[in-house]
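Subject: Structure for you to look through

Hello,

I am passing on the structure that we talked about, and below it I have written down what was found. Please keep it open while you read, so that you can look up each place as it is named.

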Amino acid sequence: MLPRPTSHSKALGPGVAGPELAVATSAVLDRPPQSCAHLPLTGAQPCVVDPAVLADPRQHTKYPYVTGTSVLAIKYRDGVLIGCDTLGAYGSTKRYKSTQRIYRVNSKCVVAAGGEVSDFQYISNLLDELATDDFRTDDGIELTPQEVYSYLCRVMYNRRNKFDPLWNSLVVGGVEKGGQSFLGMVGMIGTHYTDSHVTTGFANQLARPLFRERQSDDMSEEDAMHLMYDSLKVCYYRDKVSINKFQVAKVTGEGVSISEPFALDMRWDYKLFAAPTKWAVGAW
Amino acid sequence: MVSASDAVSLGTSIMAVTFDGGVILGADSRTSTGNYVANRVADKITPLSDNVYTLRSGSAADTQAIASHVQHFVAQHQAEEGDHISVKTVANLVKMMAYNNKDNLQAGLIVAGFDKHEGGQVYSISLGGTITRAPFAISGSGSTYINGFVDKNWRDNMTEQEAMDFVTRALKYAMTWDASSGGCIRTVTITSAGAKRQFIPGSDILPTYGELGREAIRA
């Protein structure tokens with residue numbers, strides 16, 4: 001791509017698409033509109049490099065195959081709780097019912113993911129290498145959740161820039177050195193934020209209203225678990241790609257504990273559920 | 001972005017089986033809009049007459065429209081004939097609606113019932129309006145997962161209890177694999193004595209491999 005000639009504006013300096021003179025004359029004002037006025041005057045045209053054109057042998061993730069659904073996370077008095085179900089769905093098929101979507105990085109930090117399971121397994125591997133290297137420095141200092149979060153932000157964003165994203169929504173949770181809790185979310189295009197409660201996928205719509213109403217940073221563990229269970233129930237009722245089999249990870253100053261898979265009691269015993277059209281002839 | 005697949009649809013598991021003395025119709029209770037479960041306790045078993053019911057799968061709006069039209073024609077027919085309509089006639093009315101409007105509909109229905117001429121009968125009406133009579137029929141997105149199961153476990157002339165167990169087991173497996181099916185199991189048993197409804201709440205459905213039973217319930 002040859003660079004297109006620049007216009008040298010005496011008013012604004014070289015290489016700038018501006019008026020040629022500081023004062024616009026009829027030569028400039030009456031000039032017909034340029035069709036490529038929005039394009040830069042120097043450099044190659046944007047988006048010209050399509051990897052397929054260059055016969056790139058690498059694969060590019062275009063769509064996910066085996067996916068995990070929502071992840072829910074809240075801060076509470078002693079630390080953070082992160083919950084999700086254990087389903088690896090294959091499109092609309094509930095195929096793998098015991099997938100691990102929560103990964104323990106070290107005694108202070110945990111990462112959970114929705115989205116493509118294979119990409120999360122790759123990320124877990126990266127984190128394992130990071131944590132192992134960290135351990136080998138043998139200085140008694142562990143990676144903090146903030147550091148893991150920043151690292152993952154860069155990983156996700158750089159992959160996005162290569163048009164080969166890791167198809168995940170990640171939740172990073174843990175306890176910092178000073179004892180404060182940390183919760184952050186990193187998306188597949190590098191979007192990231194931290195907050196007192198964080199959700200991915202369907203939980204954004206279903207669980208966030210419950211969190212906004214009931215979560216507070218100094219809530220007790222019992223209240224936090226109760227809130228987590230209620231939110232997991234709503235996600236199971238209303239997300240078709242979910243199962244009644246959950247894991248909750250708890251990270252406190254004491255360390256990390258990831259629960260064994262458990263179920264929640266779902267309510268189907270409302271009277272109207274049994275015969276919704278009984279008294280409504282012609283209804284559905 | 002709203003797409004055609006986001007329309008309210010009965011991604012579904014439905015089936016009907018004949019047994020010695022009548023038919024049993026069974027369905028799950030999930031209606032989904034995309035991945036959202038719009039109704040977790042839907043009723044997909046719709047009466048077309050006292051002795052003939054239909055199971056609906058596909059677009060909720062389309063199947064409701066067809067059922068509604070057929071209910072009207074059946075009522076008219078029964079008023080003129082002064083007798084219960086035969087299952088075959090109802091099934092053909094449904095077929096006519098599905099076939100003549102095939103370009104505009106996305107509906108797969110199973111029509112099943114009991115009449116004094118031929119006893120219990122099951123008719124399956126597929127997307128284009130093909131009508132097929134069979135001793136039993138399965139349909140909906142969840143049915144693909146239980147083709148092997150029903151082929152292996154179907155028997156002719158089962159008792160009512162055996163047929164009920166067959167239907168509930170088959171639907172359980174369909175619901176466990178298909179994300180578009182779930183919730184509760186509804187059944188309707190039609191015999192010479194009329195139609196009887198039953199409801200199995202989701203919590204009463206036994207877990208399959210990989211799922212958890214009630215002993216694992218934490219809260």
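A search through the whole structure finds zero disulfides over all chains, where a disulfide is a pair of cysteine sulfur atoms within 2.5 Å. For A:C84, the closest cysteine sulfur is the one in A:C235, and because the two are 11 Å apart, they are too far for a bond. A:C109 is in no disulfide either, since the nearest cysteine sulfur, that of A:C153, is 12 Å away. A:C84 counts as buried because its relative accessible area is 1%, and A:C109 is also buried, with a value of 0%; here buried means under 20% relative accessible area, exposed means over 50%, and partly exposed is in between, with a 1.4 Å probe and protein chains only.

Before you go further, please note that this is a predicted model, in which local features need pLDDT of at least 70 and side-chain atom pairs count only at pLDDT 80 or more, while totals for chains, interfaces and linings use all residues. Residues are numbered from 1 along each chain as its sequence is written, chains are lettered from A and ligands numbered from 1 in the order in which they are written, and side-chain values use heavy atoms, with hydrogens and water left out.

Chain A as a whole has seven helices and 13 strands, which are DSSP runs numbered from the N terminus (H or I with at least four residues for helices, E with at least two for strands). Of its 284 residues, 45% are buried. The accessible surface of chain A is about 15400 Å², and 55% of that belongs to carbon and sulfur atoms; such areas come from the Shrake-Rupley method with a 1.4 Å probe, and for residues only the protein chains shown count as cover.

One residue to look at in chain A is A:Q247, which lies in strand 12 (residues 246-252) and counts as buried because its relative accessibility is 4%. If residues up to four places away in sequence are not counted, A:Q247 touches several others, among them A:C84, A:T99, A:S259 and A:F262, where contact means heavy atoms within 4.5 Å. A polar atom of the A:Q247 side chain lies 3.1 Å from the backbone oxygen of A:S259.

In chain B, the residue B:T187 is likewise placed in a strand 12, here residues 185-191, and it counts as buried because its relative accessibility is 1%. Leaving aside neighbours within four places in sequence, B:T187 is in contact with residues including B:I24, B:M164 and B:Q198.

Finally, there are two backbone angles to check. Most residues other than glycine have a negative phi. A:F163, however, has a positive phi of about 60° although it is not a glycine, and A:F163 sits in the loop between helix 3 (145-161) and strand 8 (168-175) of chain A. A:F163 is exposed because its relative accessible area is 65%. In chain B, phi of B:N157 is near 55°, again a positive value in a residue other than glycine, and B:N157 is found in the loop between helix 3 (147-153) and helix 4 (160-177). With a relative accessible area of 56%, B:N157 is exposed.

Best wishes

Key:
A polar contact is a pair of N or O atoms within 3.5 Å; within protein, one must be able to donate a hydrogen and the other to accept it, and residues adjacent in sequence count only if both atoms are side-chain atoms.
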